[in-house]
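Hello,

Here is the structure for you to look over. My notes follow below it.

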Amino acid sequence: MSGKYRNIFLFFGIAAIVVMLCTFDVELDELKRSLLRAGVWFPVAVGLWLIIYLLNALAWYLIICDDKKKSPVPFWWIYKLTITGFALNYATPCGLMGGEPYRIMELSPLTGASKAASSVILHAMTHIFSHFCFWIFSIVLYVSMVKISLAMGVLLTTITAFCGLAIYFFLKGYRNGMAVKTLNLLCHVPLVSGWAHRFSREKADTLQRIDSQIAELHRQRRVTFLSSLALEFSARIFGCLEVLLILNILTDDIDFITCIFIMAFTSLFSNALFFSPMQLGAREGGFALSVHGLHIPSAYGVFTGLITRLRELVWIAIGMALMKVGNKPLPHSVRVKGVIFDYGGTIDTNSRHWAAVLWEKYREAAVPCQYEQFREAYIFAERALAKYPYIRPDHNFLDVLQIKVKLELEYLAEHGFVNADERELCRLSDEVAQKCYEYVRSTLQVTRPVLERLSHQYKMVLVSNFYGNIHTILRDFALDGFFSNVIESSVVGVRKPDPAIYQLGVNALGLPADEVLVVGDSFSKDIVPAKTIGCHAVWLRGEGWGHEETDETLPDMIISNLEELTLNRMTDYAR
C-alpha cells in the first residue's frame, strides 16, 4: 500500500481516539480512581488481548494458507494487520468499513487482489459467524443452568431463531460466495449506489473469482474452514476471561460461566447497535443491563464497561502505531533493474487466458457449439498455427484472430459440431475476431499506461511464444516503443516453458538474473522457468484454462491486474 493511503487510514484511527476521549462521560478523578482500583489487573486485561488477537490472526492465516504448508506472507505480518485492522474498525460506523479495506490493500501486493479480498471477506464472515455460534452456545448453557421464566423463554427463543436464520444465510454465503451479492446490495444504497454499479461492471470477473475462492474453501477444504471457525469461537470464549478479571477486582462471587452470560448479552446488545461508531454507549449499556439481569449490582457493569473501553483505547493506539511499523517489501527486498514481460494473456488480456476470451466472444456471437467442442477446436487451431506457416510477419492482430477463429470454426464444422456453410463460417469468424480485437484494444487502455510508466524507469524486454509477427502486433497497438528487445519463440527457435528463452531475455537486458523481474500470466510457462534461472517473478494470476498445478510460495508477488504493478509498487519492491 502506498504511504498516502496508509496515512488516510492512520487519520481515521487518530480521529477514533480523539472521538473516544471526547465522549468519555466520566470525570478525570473518577477515571483515575477506577484505574487505581484495577491496579495490576488493567495491564493484565490489556495483555490478554495479545492472545485473543493471536487467535484471530491464526484464523485468518489458515484461510490465506488454504491447504498449503507455507503462506506467501509471514505470520507476524498477518498478526500486525489483524491488530491494526480491528483497531481501524472502531473508527467507522457499521464496522468492517475501515479495517477490512486496509487489510485488502496491504495484502494485495503479495497474494493478488482477488485472493486478498476473498481471504479478508471470508475471515470477516467467519468472525461474525463465530458470534452467532457463541450466542447460541450461551443460550443453550443458560437454559441448562437457570430456571427460565415465560418472558425470558420468549426472548431467548426469538434470539435463537434470529441466530439460526443468520447462520443459515451465512452458510449460503460460504457455499456461493458473498462478493457479488454484497455489491448488488450496495447498488441500492444511496450515496454509494453509483460507485457500486461502476465497480460491479468493471470488476465483474474479479468479484466472480472472489466468490469462487470463498465457495471452494467451504466446499473442498472443510478442515480449514472449521479450524478457522474454531479459532474465532475460542477467541469469543477467551474474551470472557477479561470480564472475570475485571469483576474479580470488585467481588469474589463471580464464576467464569456467569462471565460467559455477561459477555454474550453485552456483545449481542452492542452488535445490535452496529451503526454506532466504536459502539459508544452500546457496550456500556450492555454490561449494565446484563449484570443487572443476573442480579449483580449495575455499578459492576459500569466499572467493567469503563475498564474495557480504556483497554480498547490502548489497543487502538497500538494498532495505529503498528500501521507505521514493518512496511518494508515482503517477503524480501531486491534491487530490480530490468523487467521481462510476457505478451499473450498478460499485456493483451490482463490475466485472462485467450481460450476464456474466445469462448466468451463465441457465446456473444451465438456460435452454436458446446464448450467441450470449442475446447477441442481451440487446441487443434493452436497446434496448427504452431506447425504450419499460416501467419505471415506482416499480419496484424486482427489478421491473426481471423485466421485462428476460421481454423476453429472449420474444425467444428468438419466434426459436425456446427452446421454452417462456408459463407456463414466466414461471417461468424469475422464477428468473433472483431469482438476479440476490440476486447484487446479496450484492455490496452488499462495495460498500456502501466507499460509506459515502467518503461521510464526500467529497461524492458518482451519474451513471447508467438508466430513471427509480434513486431507487427506491437506496432499495431503502439506498444513497440516500450521494449528495448523482443524475444519471439518462432524466431529464436525456443518456446516456453523452456527456461532458455527467458535466459535470452536476461542476456538481452545485459543484467544478472537476480536483478531481473519477470511478469507473466502462466505459472508453468512464465513463473517456473523465470525462477529456474534465478529471476524474480510476478505472477499475474487470473482466469486460467484447465487445472494447472501451482505453488503460491514460488512467485515473489501475485497480482490479478497489471494496474497493481504501479510505478510506486515497483519502486517499493525494488528498494
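At what angle do H3 and helix H11 pack, and how far apart are their axes? The angle is about 175° and the axes are 8 Å apart (axes are lines fitted to C-alpha atoms over the stretch in contact, with angles running from 0 to 180 degrees between N-to-C directions). H3 is therefore roughly antiparallel to H11 (angles over 145 degrees). Helices here are DSSP runs of H or I with at least four residues, and strands are E runs of at least two, numbered from the N terminus.

This is a predicted model: local features need pLDDT of at least 70, side-chain atom pairs count only at pLDDT 80 or more, and totals for chains, interfaces and linings use all residues. Residues are numbered from 1 along each chain as its sequence is written, and side-chain values use heavy atoms, with hydrogens and water left out.

The whole structure has 17 salt bridges (a side-chain nitrogen of Lys or Arg within 4 Å of a carboxyl oxygen of Asp or Glu). Lys496 pairs with Asp342, the closest N and O atoms being 2.6 Å apart. Those two residues are 154 residues apart. Lys496 also meets Asp526 in a salt bridge at 2.9 Å, N to O. Asp526 lies in helix H22 and Lys496 in the loop between H20 and H21, so this pair ties together parts 30 residues apart in sequence.

Lys496 is buried at 7% relative accessibility, as is Asp526 at 1% (buried means under 20% relative accessible area, with a 1.4 Å probe and protein chains only). Asp342 is buried too, at 5%.

Regards

Key:
Angles under 35 degrees count as roughly parallel, over 145 as roughly antiparallel, 65 to 115 as roughly perpendicular and the rest as oblique. Buried means under 20% relative accessible area, exposed over 50%, partly exposed in between (1.4 Å probe, protein chains only).
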